[in-house]
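Here's a quick tour of the fold, told in words. Keep the viewer open and follow along.

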Amino acid sequence: MPVTLETRLLNAHAISTHIAGEAVWLLPQKALFWPAQRMLLVADVHFGKAAAYRALGQPVPHGTTQANLARLDEMLAVLAEDVDTLVFLGDFLHAKSSRHPEVLGALETWRARWPALRLVLVRGNHDVRAGDPPQNLRVTVVSEPWIVGPLGLCHEPDVALPGGIYGLCGHVHPAVTLRGGARERMRLACFWMGEHGGILPAFGEFTGSWTMPAHARARVWVVGGGRVFAVGG
Amino acid sequence: MNAPASTSAFDPAAWFASRGWTPFPFQQATWQSIIAGDSGLLHASTGSGKTWAIWLAALARFGAKKIEPSPLKRTRMSAPKLTVIWITPMRALAADTAKALAEPIESAQLDWTLSLRTGDTSSSERAAQERRLPTALITTPESLTLMLSKATQQDALAGARMVVVDEWHELIGNKRGVQLQLALARLRKLNPALQIWGLSATLGNIDLARDVLLAGAPGRVVQGDIGKPLLIDTLLPPRLERFPWAGHLGIAMLPQVIDAIEDAGTTLVFLNTRSQAELWYQALLNARPDWAGLIAVHHGSLDREVRDWVEASLKAGTLKAVVCTSSLDLGVDFVPVERVLQIGSPKGVARALQRAGRSGHQPGRTSRLTMVPTHSMELVEAAAARHAIATGHLETRLPPNKPLDVLVQHLVTIALGTGFTPPELLAEVRTAWSYQALTAEEWEWALGFVRQGGSALTAYPEYRRVEPDEAGIWRVPDAALARRHRSNIGTIVSDASMVVQYMGGARLGTVEEGFIARLAPGDAFLFGGRMLELIRVHEMTALVRLAKKSKGAVPRWQGGRMSFSTELADAMVEQLELAAAGEFAGPEMQAVAPLLQVQQDWSAIPTRNTLLAEVWHSREGNHLFLYPFAGRHVHLGLASLLGWRVGQHQPATFSIAVNDYGFELLTSADVDWPALLTPELLSDEHLLEDVLHSLNAGELAQRRFREIARISGLVFQGHPGSGGGKSARQLQASSSLFYEVFRKHDPSNLLLTQAQTEVLRQELETTRLQDSLQRMQGQALNIQRVQRPTPLGFPLLIERFRESMSSEKLADRIARLVATLERAASGEADPSIDAHAAVMFMAPDMPKKQARSGGRRARPKRVFGHTRG
């Protein structure tokens, strides 16, 4: 008996919700899956960030690019039949010096594993300096906002959108701090969905995060330990 | 070489006589020793004339001559070459030292030149020094190391015949001292006959201090104690019941402090942190507006010019009082100072003594230290400190053991200077006391790190800081890397700081970037004794104007919180033991007696033979309070260890609070403390292994990594006001990010190992931890179930700076937290959680820490047309 998409998503510890009336799934790999458009969205991958540091004389271990790609593979293995488009919400490459043969080689090899997948990059602030992805990766590059159905796909959160369009962006690297009894506190990356727009957690391995200020009307899901948890709201 | 016996040669005794002074025996002893060619250490308190003991002898030994006749000015080019290097730990002291050293040169019209080389030295002066160094150079450990990074300067330094290290006690125990040890190793190699002298205040291990400085070579210790009279007392609160059980500020004592300041000519008011100094200065000014202009504030984050003004006014005697931090611990004497107030614990016996010595400098006058407790238990501490000083129980300071981050920095420095061949440099480095036991493996690792960023297996080919050239000499091939290394030399780590400056006007000082980031334009904050309003932030500068408001935020500066010393702890337990036996000797103990009676009634008073544990169940969870009196660092280690060991039986997350008296472990899990407090829990078996495990379960090692990452050049520290440049800003990533990426992708990196080792040694003081565990095993455990927090427990309960330690699986822990929050939100159970404050984000009163990675990612002003909430 074929396993249904829902079962597969639940087994992968994804959580379903609705934004702007659209059914979506939040994945513990820090990605958003939009079944109706057969799209998988990630933000702020910052490929080659470690390489950019090394180029400036800072020793950063190898392996972050491979770890990023492995997480993409992990999701695509579950969703290959259900995803046509992988969308990067900005900051695909970290810097000019991220265009290192080793980084680009790893990306090419990965691209060859998923030849039919359509890749779209919504250009972000880092992409402006780092330049668009090389031709052979076959990435379609668009400017923000890229309107798809009721969603406006962006990199930065303060883009003006037409009325009725719900924004979805990256750039912020959102995190929240949970507090519990016994003075417990924990800071975790999160999906942050406000009234008129939402923010995805940063996907990249070697990226920091920003603690979001309190906002009464936002829905938040934290990510950690291979799970997604809805908090409050 | 013997001193030339020419008639025109300088004679210390004659110079003293010409001023009508009589030398102390220790000064004569030092003169003889230096003139005979010895190295050594002079052990004397500030204000005793130790500078004359060394300097006059140096002038004599190295043949300073009178210029006769002297219509011609001494010129840099005609004066003798570099002969003496005088090292001072603080830039701020350099100018004062120069003034003192210049006195005999000028009054005796000697042919020597003298100049400063510090971070404040102008570029024209630096250029002049590059052409020719003065006969005597006054500099800091950092500036000396910077000179070693330039080949041309090394040739000139080779001519130095004597190095004097002032305030050696401030350097011996830290990495700045290690950096200096390495620089001295180089100077000794350039000139094996180099004479080295140290000046040190009171230390418990003075012979070791000499050995470290002289790298084991023979040398004298000259005792310079001149037995100045000392008076130590305590300001007592008028009524104990109004006096707080806990708290850090002690403003309750304001009226008495004002009276004390009124009584003396000039008073130095010491606080333990810069924030407290700001708050106390403001409180004094609010209470006594007529003191505006008569009192001042002084701390390390204020601009040089501001501090210079305060110091000059102090010397001139125009100030009634200066509220200060350790920034005034060192340096020249402020003769008008009659009295020193220490607000809060002095933390150590030697420190209390040192601060006392800042007063009463005129001959025949008394040094006077008055301790001002900020909460009740500090009355006991004051009694203990007084007793320990009277009996001469002083602290020891030990040098760090082969810190690899400092070594890595040194390798790049030397490669930049003359370049090096590994076998030769290894031999040289091993002559430094801290690296005597450097192994071949550690050396190879350090070479590998500067060459390819790690051991050969995890080589980073793009990265090459240092490489051997065709001749096999290791050098730095990249000019940009060279510049960056030079601007980053040093071992003092601080958060990225921002200049505070009046709009179109003067610089006031610096605050940490993270503090300004939490303010919005229009917000007020207290700085340099003024209430300032933030106008805007421009690059790394916060532009401000005087605020109209009277209330505002107070910046906090990070920096290790000092642990109180074993000596002070022991003295304190002694006082408590007497109290437990009903004996209250001295005014402090009599004042605190009613509170200790409460402690006795509700629980018990700890003694040398009993270990007190208090168990309390509150709506917050299960509390364990334990009082080993071993200082906050050891308590942190003990608390982590206990938390981890308990977690092996039952996964749990603990919140840990520590102070110098004890620690608290708090958990929402259902733990039965009395049943768990077994001898095995406190055993010192598998200590290191268990502590290492507990480190991985907590956040300590990550924080220590921050310093190591910066010193080894892993994280670039921007410079306030320099703008940094684009490539500099691209390198600003948080060390926690580095820590995570190293842990995941290069776990065997030795810098990580060093972070762990340093946590063990410095943060947790494992040797002391082991000693404490052994002592605790010999003590009878006294478990008290208490109904409410006791006088000893209360300060821990309200401690806001907490560590956490978890043995739960991450997903389980989040699930539990989320479930608690849901219950709180739906109004069920757990009344300790305020649903509205805790459901989401941080409550406004909690300090917000923000990790940043890019430095360029602006904080979101709005999310799709909607302003932030």
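## Cores, sheets and a helix crossing

The largest nonpolar core has 201 residues, and those with the most contacts inside it are B:Ile54, B:Val269, B:Val322, B:Val323 and B:Ala385. Keep in mind that this is a predicted model.

Now for a helix pair in chain B. Two packed helices are described by the angle between their axes and the distance between the axes. For H14(B), residues 349–356, and H15(B), residues 377–391, the axes come within 9 Å and cross at roughly 80°. Angles of 65 to 115 degrees count as roughly perpendicular, so H14(B) is roughly perpendicular to H15(B). On the H14(B) side the contact is made by B:Val349, B:Ala352 and B:Leu353, and on the H15(B) side by B:Ala385, B:Ala388 and B:Ile389. You've already met B:Ala385, as one of the residues with the most contacts inside the largest core.

For contrast, look at a loop. B:Pro238 sits between strand S8 (230–234) and helix H11 (254–263) of chain B. Is B:Pro238 buried or exposed? B:Pro238 counts as exposed because it has 11 C-beta neighbours inside 10 Å, and the cut-off for exposed is 12 or fewer. B:Pro238 and B:Met253 are 15 residues apart in sequence, with 9.0 Å between their C-alpha atoms.

On to chain A, which has 5 helices and 16 strands. Its radius of gyration is 17 Å, close to the 17 Å that the globule rule gives for 233 residues, so chain A is as compact as a globular protein of that length. The C-alpha atoms of chain A fill a box of roughly 45 × 45 × 40 Å along the principal axes. Buried residues make up 52% of the 233 residues in chain A. Of the contacts in chain A with a separation of 6 or more, 64% are between residues 24 or more positions apart.

Chain A has an open sheet of 7 strands in the order S1-S2-S3-S4-S5-S6-S7, with mixed pairing. S1 (15–19) and S7 (139–142) are the edge strands, each pairing on one side only. Neighbouring strands in this sheet are turned by 25° against each other on average, direction ignored.

Strands of a sheet pair through backbone hydrogen bonds, either parallel or antiparallel.

| Strand pair | Sense | Bridges |
|---|---|---|
| S6(A) (118–122) and S7(A) | parallel | 4 bridges |
| S12(A) (185–193) and S15(A) (219–224) | antiparallel | 4 bridges |
| S15(A) and S16(A) (227–231) | antiparallel | 5 bridges |

A:Val120 has A:Thr140 in S7(A) as its bridge partner. A:Cys190 stands opposite A:Val222 in S15(A), while A:Val223 is partnered by A:Val228 in S16(A). S15(A) and S16(A) form a hairpin with 2 residues between the strands, where A:Gly225 takes a positive phi near 60°.

Methods:
Residues are numbered from 1 along each chain as its sequence is written. Chains are lettered from A and ligands numbered from 1 in the order in which they are written. This is a predicted model: local features need pLDDT of at least 70, side-chain atom pairs count only at pLDDT 80 or more; totals for chains, interfaces and linings use all residues. Two strands pair if DSSP finds at least two bridges between them. A nonpolar core is a set of buried Ala, Val, Leu, Ile, Met, Phe, Trp, Tyr and Cys residues joined through C-beta atoms within 7 Å. A residue is buried if 20 or more other C-beta atoms lie within 10 Å of its own, exposed if 12 or fewer, and partly exposed in between; C-beta atoms are placed from the backbone. The radius of gyration is taken over C-alpha atoms; the globule rule is 2.2 Å times the number of residues to the power 0.38. Two residues are in contact if their C-beta atoms, placed from the backbone, lie within 7 Å. Axes are lines fitted to C-alpha atoms, for helices over the stretch in contact, and angles run from 0 to 180 degrees between N-to-C directions. Angles under 35 degrees count as roughly parallel, over 145 as roughly antiparallel, 65 to 115 as roughly perpendicular and the rest as oblique.
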